[in-house]
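Here's a quick briefing to read alongside the model. Have the sequence and the 3D view open as you go.

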Amino acid sequence: MNSQTMMAATARTELTNPHPSGKVLDPLYARILVLQADGQTLVFVTIDVTAVGGRAISDGILPDGGEGLVPALREYLMRQWNIPAEGVVVNASHTHPAGQLLCDDAEQLRRITAACSEALSRLVPARIGFGKAELPPVAINRNLKLKTGKDCAIRHTNPTPADCRVEAVRPIDNEIGLIRVDRADGTPLALVYNFGCHPLFGDCYGSLTANFPGEISATLEQLLGNGATAFFLQGCAGDVIDRGFKDFLHPRDVKTPAKLIALQIVPAASAIQTTPEAAVRCAVATLRLPRRTDVDEKTAALRRRQQELLEQLHYCPLNFKNFLLLLLHYRLEPDYPLTDAFQYLQADADGYTGWRDMDHLNRMNIEKYLSNIAAMEELAQIQDDLATLEKHQRLNAASGETTIATEIQVIRINNAAIVTSAAELLTQIGQDIKKMSPFSPTLTVGYTNGYLHYGPPAELYDGGGYEVTECLLGPEWQRLFESGVAQLLKQVCGKDGEHVSV
């Protein structure tokens with residue numbers, strides 16, 4: 001495998017919806033990075049949007065980045081620049097503001113193709129290197145493992161489970177994969193960073209924002225100087241959120257965690273050794289992944305649980321005012337909640353049991369009310385889960401197919417690799433890919449070249465977590481997906497697992 005001199009260029013274009021329904025906190029961009037070496041041209045397009053190609057499969061919930069964007073962009077790059085589809089990567093940052101984020105489809109394509117052409121027309125000699133940074137303590141796996149063995153996701157649409165129900169948190173991947181691209185004189189041209197975390201809310205109003213990836217990139221560009229561009233490749237973010245996601249006591253803050261992340265990236269990127277030579281291999285495959293067939297079974301189980309919870313709600317004499325007053329009394333002074341201690345002690349001496357009898361009754365009523373609250377919270381989640389399952393059952397049935405076609409892609413540059421998927425991959429899937437990959441670093445990239453909803457590990461399907469519920473795929477998908485990735489990794493290794501050192 002012969003390495004050749006690297007050429008590179010960057011460009012960007014703003015895509016913010018010109019008629020937003022709310023306030024715009026910061027512009028939304030498409031950033032373009034072009035790398036050329038070893039007879040290959042790679043075009044990376046990163047977009048500040050929830051998904052590309054997700055309009056139909058989300059039932060219209062994700063209106064931006066229509067299904068035609070990636071095919072049309074690839075057709076343009078092939079026709080005008082002779083760049084095959086296997087070298088084109090279109091990644092969504094998965095930022096989550098409400099409403100339409102971007103300008104209309106035609107304008108998106110026009111601006112992105114123009115920016116790609118701009119970058120391709122001004123390639124300069126470059127150097128490239130790879131490294132890793134450590135994610136600071138700003139993220140958490142949102143799937144809580146409950147003592148029942150089930151999973152419950154930390155979400156805004158449902159209450160977080162009571163502390164007494166939680167057994168453990170699931171792991172996250174703290175690795176940030178880095179690609180550093182310099183000009184020939186050593187000044188920074190581009191810095192690519194990759195990790196997984198949901199950019200869910202920028203403020204309390206759902207304002208349009210690139211969220212913390214936008215803030216990280218802006219901070220990195222300021223620190224790097226020299227007109228460098230920072231690129232966020234969204235990773236395996238399906239089950240990862242920021243730790244302040246359910247903090248109701250403080251204003252939303254994306255700038256602080258973003259700057260903490262940027263300050264971790266900069267020294268790690270500075271330590272990367274770059275080389276003017278690069279060896280590139282690309283491989284792409286289309287998989288047919290099985291659609292799920294267990295929706296009726298899951299729905300029936302939820303309805304049974306729903307009925308059990310409804311049946312336990314009867315007989316509770318307290319309303320909320322009664323409950324709150326009693327709870328304060330019994331939490332403030334558990335031994336003598338209703339009056340002063342001497343009244344209890346004198347009643348005990350007199351053989352009068354009225355105070356103790358009332359305490360017994362009140363404690364039973366408090367526990368019953370607390371039990372009803374827990375039931376109410378679980379019922380709210382069941383309602384959400386039933387609606388989600390029914391929606392996905394409808395989408396799967398409307399397709400008329402038992403499988404879903406999806407693209408996977410592996411790009412090798414020197415001894416690093418980028419593995420892409422259209423799915424919202426969960427942490428474990430990304431870690432599995434890194435373990436099987438012979439390359440370091442291996443950047444695992446979701447939300448790319450399309451959208452497929454969640455990709456949870458097969459072992460979580462019985463846990464009933466949100467990502468399993470909000471999933472079109474049957475559990476067999478993981479084996480087929482990881483097998484496909486393994487084959488592509490082997491393919492880009494070349495003959496006899498050939499590696500290159502430059």
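Start with a charge over a ring: Arg155 sits over the face of Tyr466, 3.6 Å from the ring centre. That label applies when NZ of Lys or CZ of Arg is within 6 Å of the ring centre and within 35 degrees of the ring normal. Another such case is Arg12, which lies over the face of Tyr29 at 5.4 Å from the ring centre.

This is a predicted model, where local features need pLDDT of at least 70 and side-chain atom pairs count only at pLDDT 80 or more, while totals for chains, interfaces and linings use all residues. Numbering runs from 1 along each chain as its sequence is written, and side-chain values use heavy atoms, with hydrogens and water left out.

**The chain overall**

- The protein chain's secondary structure comes to 11 helices and 20 strands; these are DSSP runs numbered from the N terminus, with helices being H or I of at least four residues and strands being E of at least two.
- Its C-alpha atoms fill a box of roughly 95 × 50 × 50 Å along the principal axes.
- Of the 502 residues in the protein chain, 53% are buried, where buried means under 20% relative accessible area, exposed means over 50% and partly exposed is in between (1.4 Å probe, protein chains only).
- Take contacts in the protein chain between residues at least 6 apart in sequence: 79% of them join residues at least 24 apart, with contact meaning heavy atoms within 4.5 Å.

**Aromatic pairs**

- There are 10 aromatic pairs in the structure; rings of Phe, Tyr and Trp (its six-membered ring) pair if their centres lie within 6.5 Å, and planes under 30 degrees apart count as stacked, over 60 as edge-to-face and the rest as tilted.
- Tyr193 and Phe232 make a tilted pair, at 5.3 Å centre to centre with 35° between the planes.
- That pair links distant parts of the chain, with Tyr193 in strand S11 (residues 188-195) and Phe232 in strand S12 (residues 229-234), 39 residues apart.
- Phe323 and Tyr369 are stacked, because their ring centres are 4.3 Å apart and their planes are at 15°.
- Here too distant parts of the chain are linked: Phe323 is in helix H6 (residues 320-332) and Tyr369 is in helix H8 (residues 354-399), 46 residues apart.
- Phe323 and Tyr369 are both buried.

- Five of the five residues of strand S17 (residues 416-420) are buried, so the strand is largely enclosed by the rest of the structure.
- Ala416, Ile418 and Thr420 point one way from S17, while Ala417 and Val419 point the other way.
- Strand S16 (residues 403-413) runs antiparallel to S17 and is joined to it by five bridges; two strands pair if DSSP finds at least two bridges between them.
- Ile411 stands opposite Ile418 in S17.
- The hairpin of S16 and S17 has two residues between the strands, and Asn414 takes a positive phi near 55° there.
- S17 also pairs with strand S19 (residues 442-445), in the parallel sense over four bridges, and Val419 has Thr444 of S19 as its bridge partner.

**Pro441**

- Pro441 is in the loop between helix H9 (427-436) and S19.
- Pro441 is buried, with a relative accessible area of 4%.
- Leaving aside neighbours within four places in sequence, Pro441 is in contact with Phe130, Gly131, Lys132, Leu178, Asn415, Ala416 and Ala417.

**A three-stranded sheet**

- This open sheet has the strand order S8-S7-S9, with antiparallel pairing.
- Strand S8 (151-153) and strand S9 (166-169) are the edge strands, each pairing on one side only.
- Strand S7 (residues 143-146) pairs with S9 in the antiparallel sense over three bridges, and Leu144 has Val169 in S9 as its bridge partner.

**Helix H2**

- Helix H2 (residues 105-120) has 16 residues and reaches 22 Å from its first C-alpha to its last, close to the 22 Å expected at 1.5 Å a residue; the expected span is 1.5 Å times one less than the number of residues.
- Buried residues of H2 include Gln108, Ile112, Cys116 and Leu120.
- Among the elements covering the buried residues of H2 are strand S1 (4-14), strand S2 (29-37), strand S3 (40-47) and helix H1 (69-81).
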